[in-house]
Amino acid sequence: MVELTRGDALFLDFDGTLTAIQDDADTVALPLGGAQTLLDIFSMLDGALCLISGRDRDDLAARVPDTLPLMGNHGMRRRFIPGGTDGHAPSDLLSKLNALAGDGIYIEPKAAVIAIHYRQAPESGDTLLADVKDIVGHFPDYRVEHGKCVIEAKPAAASKGGALRDAMQIAPFMGRRPVMIGDDTTDESAFAAAQGLGGVGIKVGKGPTCADSRLACPDDVFALLVTLT
């Protein structure tokens, strides 16, 4: 089991890591007492705690305490962390992806990122992935990433790993051991970045990963967090 220390820099995904994944993403919230736990850890780490999520920055900001640094949109839109961008996806790319909506498939524009959700139609995943790859293949600055019942069209520059490395270059993160906790394929670049900087990657749940440690569920994440208190 990984032990957290007050010399760490802590990076946390949101969905599937601090909260259980829900069929309706709008219903997701921190567990009872979760917000106060994050604030306590933030204080103990002298501010070296940051949330890194695929959610849009403003959506994420509405679900967590307003004093916490965060990087939404896979690191592209940020609060209290320099860098990032508020750019938007090309309108023709969005238009082509919007044509895939329907029958349990929902298209979510998130500034420069476009998410294609199919949790309500899981059987469509393989065909949908092929269709998205075909569309995005005509936009050389974009790439496709496949997560848990979501496919995302992302700028090549959108990377949780790159976002983590950016944060580690500034106070109060600089000089600390980075610890990244996440649950999905979108977190793999951040695991690799943390471990490449001498830190720790912690995968939540099942599935292949480059992370060197693992926890079973969000409850276990909070159980680990409170060991710092």
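Colleague: Which residues point one way from β2 and which the other way, and are they buried or exposed?

Modeller: Leu49 and Leu51 point one way from β2, Cys50 and Ile52 point the other way, and all are buried. In a regular strand the side chains alternate between the two faces of the sheet. This is a predicted model.

Colleague: How do you know that β1 and β2 pair?

Modeller: Two strands pair if there are at least two bridges between them. Three bridges join β1 to β2, and the two run parallel. The count meets the cut-off, so β1 and β2 are a pair. Leucine 10 stands opposite leucine 49 in β2.

Colleague: In which sheet do these strands lie, and in what order?

Modeller: They belong to an open sheet of seven strands, with the order β4-β3-β2-β1-β9-β10-β11 and mixed pairing.

Colleague: What makes β4 and β11 stand at the edges?

Modeller: β4 (77-79) and β11 (213-215) each have a single partner strand, so one side of each is left without a neighbour in the sheet. On average, neighbouring strands of this sheet are turned by 20 degrees against each other, direction ignored.

Colleague: How do you know that β10 and β11 pair, and in what sense?

Modeller: They share three bridges, in the parallel sense. At least two are needed, so β10 and β11 count as paired. One of the residues involved is isoleucine 202, whose bridge partner in β11 is serine 213.

Colleague: Which helices lie on this sheet?

Modeller: α5 packs on the sheet and touches β1 (8-12), β2 (49-52), β3 (70-72), β4 and β9. The direction of α5 makes about 155 degrees with that of β3. α6 lies across β9 and β10, running at about 155 degrees to β10.

Colleague: Which residues of α6 are buried, and what covers them?

Modeller: In α6 (residues 188-196), the residues Glu188, Ala190, Phe191, Ala193 and Ala194 are buried. Their cover includes α5 (160-167), β9 (177-182) and β10 (200-204). An α-helix has 3.6 residues a turn, so residues three or four places apart point the same way. After α6 comes glycine 198, whose phi is positive, near 85 degrees.

Colleague: Why is threonine 37 called buried?

Modeller: Its relative accessibility is 15%. Buried means under 20%, so threonine 37 counts as buried. Threonine 37 lies in helix α1 (residues 34-44). Leaving out residues up to four places away in sequence, threonine 37 touches Phe222, Leu225 and Val226.

Colleague: Why is glycine 125 called buried?

Modeller: Glycine 125 has 4% relative accessibility, which is under 20%, so glycine 125 counts as buried. Its place is in helix α4 (residues 125-136). Glycine 125 touches Tyr118 and Ile151, not counting residues up to four places away in sequence.

Colleague: How far apart are glycine 125 and threonine 37?

Modeller: They are 88 residues apart in sequence and 36 Å apart in space, C-alpha to C-alpha.

Colleague: Why is glycine 83 called exposed?

Modeller: Exposed means over 50%, and glycine 83 has 54% relative accessibility, so glycine 83 counts as exposed. Glycine 83 is found in the loop between β4 and α3 (91-98). Between glycine 83 and tyrosine 106 there are 29 Å in space, C-alpha to C-alpha, and they are 23 residues apart in sequence.

Colleague: What is the strand order in the sheet of four strands?

Modeller: That open sheet has the order β5-β6-β8-β7, with antiparallel pairing. β5 and β7 (142-146) stand at the edges; each has a single partner strand, so one side of each lacks a neighbour in the sheet. The twist averages 20 degrees from one strand to the next.

Colleague: How do you know that β6 and β8 pair?

Modeller: Four bridges join β6 to β8, which run antiparallel. The cut-off is at least two, so β6 and β8 pair. Isoleucine 114 has alanine 153 in β8 as its bridge partner. α4 lies across β6, β7 and β8, at about 170 degrees to β7.

Colleague: Which residues are closest to the centre of the largest pocket?

Modeller: The largest pocket has a volume of about 700 Å³. Of its 34 lining residues, Asp15, Ala25, Glu108, His117 and Val150 are the closest to the centre. β5 (106-110), β6 (113-117) and β8 (150-155) are the elements that give two or more residues to the lining. The lining divides into eight nonpolar, nine polar and 17 charged residues.

Methods. Residues are numbered from 1 along each chain as its sequence is written. This is a predicted model: local features need pLDDT of at least 70, side-chain atom pairs count only at pLDDT 80 or more; totals for chains, interfaces and linings use all residues. Side-chain values use heavy atoms; hydrogens and water are left out. On a 1 Å grid over the protein atoms alone, a cavity is a set of points where a 1.4 Å probe fits but cannot get out, and a pocket is an open set with protein on both sides within 12 Å along at least five of seven lines; lining residues have an atom within 4 Å of a point. Grid points are joined across faces, edges and corners, and a volume is the space filled by probe spheres set on the points. Ala, Val, Leu, Ile, Met, Phe, Trp, Tyr, Cys and Pro count as nonpolar, Asp, Glu, Lys and Arg as charged, and the others, Gly among them, as polar. Buried means under 20% relative accessible area, exposed over 50%, partly exposed in between (1.4 Å probe, protein chains only). Contact means heavy atoms within 4.5 Å. Axes are lines fitted to C-alpha atoms, for helices over the stretch in contact, and angles run from 0 to 180 degrees between N-to-C directions.
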